Structure formats: C-alpha cells, structure tokens
Amino acid sequence: MRLRDILEENVPLDYYLSQEFVDKIVIKRKIGSITGELGYIEKGTGQHQSSTIYDWNYLARTIQAGDYKAPLKIICTPRQGAGIIKIDDEWYSVRKLTTLECWRLQGFTDEDYFKADSLLSKTKS
C-alpha cells in the first residue's frame, strides 16, 4: 500500500507544518529505499522516526508507538498547505497524518473509524 492510497483529499490546514518547521528539514534521500524517506526535521537530536519525512508516492511504513507530540509526517504533492519545500525542482507541502489516515494505515475501514469516533463522541458528552 502506498501512502497516497490512504490519504484524505481535503485536510484542514492545521495538519500542515508551518514554514518555520519546514525550513528545518534536512533533505537526505535514501537511494533505493522502498519507504521513500526524504529527510528529517532537525531538532538538534539527530534523526528519529517521529521527525522523518516520507514521500507520499512510496510504500506506507508501520506507525511506531509514540505520543501525540510526534505524529508521522508525510510529503504531499502538489503544494497544498502552509509550509512548502522545493525538492528536485518540485514544490511540496509537509503535513501530519489525520486520525482517519492512521486507521487506514492499520488496515481498518472508514466505517470502523466512524463507528469508533461516534462512540467516543457520545462518551465525551
């Protein structure tokens, strides 16, 4: 499954990284990588999966358990959001995966997601 196969078409702008974070991306394309790693966001601690940027045209990776502060990030094309970066003469936007996209990546259907979301919404009321 490729990342582009699980992506939602209309994603709110708050999922996109700001230009401040996009400017910290270090391009480090791995030749021959089936995961499409493009680089990472420099945070002063080196590269970690939570800061790695992936090309949306490549195979989807497994989500590593973490916390809400470090969701998986992907490259989207064409340019759609706030922060943009030029890679190989093309402009891209960088954003986080939505909750629905994370469910899809794990093999759940959209119906499963909306049922769970509905139940969670009722318990919050």
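Trainee: Is Tyr113 buried or exposed?

Mentor: This is a predicted model, in which local features need pLDDT of at least 70, side-chain atom pairs count only at pLDDT 80 or more, and totals for chains, interfaces and linings use all residues. Residues are numbered from 1 along each chain as its sequence is written, and side-chain values use heavy atoms, leaving out hydrogens and water. Buried means under 20% relative accessible area, exposed over 50%, and partly exposed in between (1.4 Å probe, protein chains only). Tyr113 has a relative accessibility of 14%, so the word for Tyr113 is buried.

Trainee: Which aromatic pair does Tyr113 form with Phe114: stacked, tilted or edge-to-face?

Mentor: Good one! Rings of Phe, Tyr and Trp (its six-membered ring) pair if their centres lie within 6.5 Å; planes under 30 degrees apart are stacked, over 60 edge-to-face and the rest tilted. Tyr113 and Phe114 lie 5.1 Å apart, centre to centre. Their planes are at 75°, and the pair is edge-to-face.

Trainee: How exposed is Phe114?

Mentor: Phe114 belongs to one aromatic cluster with Trp103, Phe108 and Tyr113. Phe114 is partly exposed, and its relative accessible area is 46%.

Trainee: Which residue in β3 stands opposite Tyr40?

Mentor: Helices (H or I, at least four residues) and strands (E, at least two) are DSSP runs, numbered from the N terminus. Two strands pair if DSSP finds at least two bridges between them. Strand β2 (residues 37-41) and β3 are antiparallel, with three bridges. Opposite Tyr40 is Thr52.
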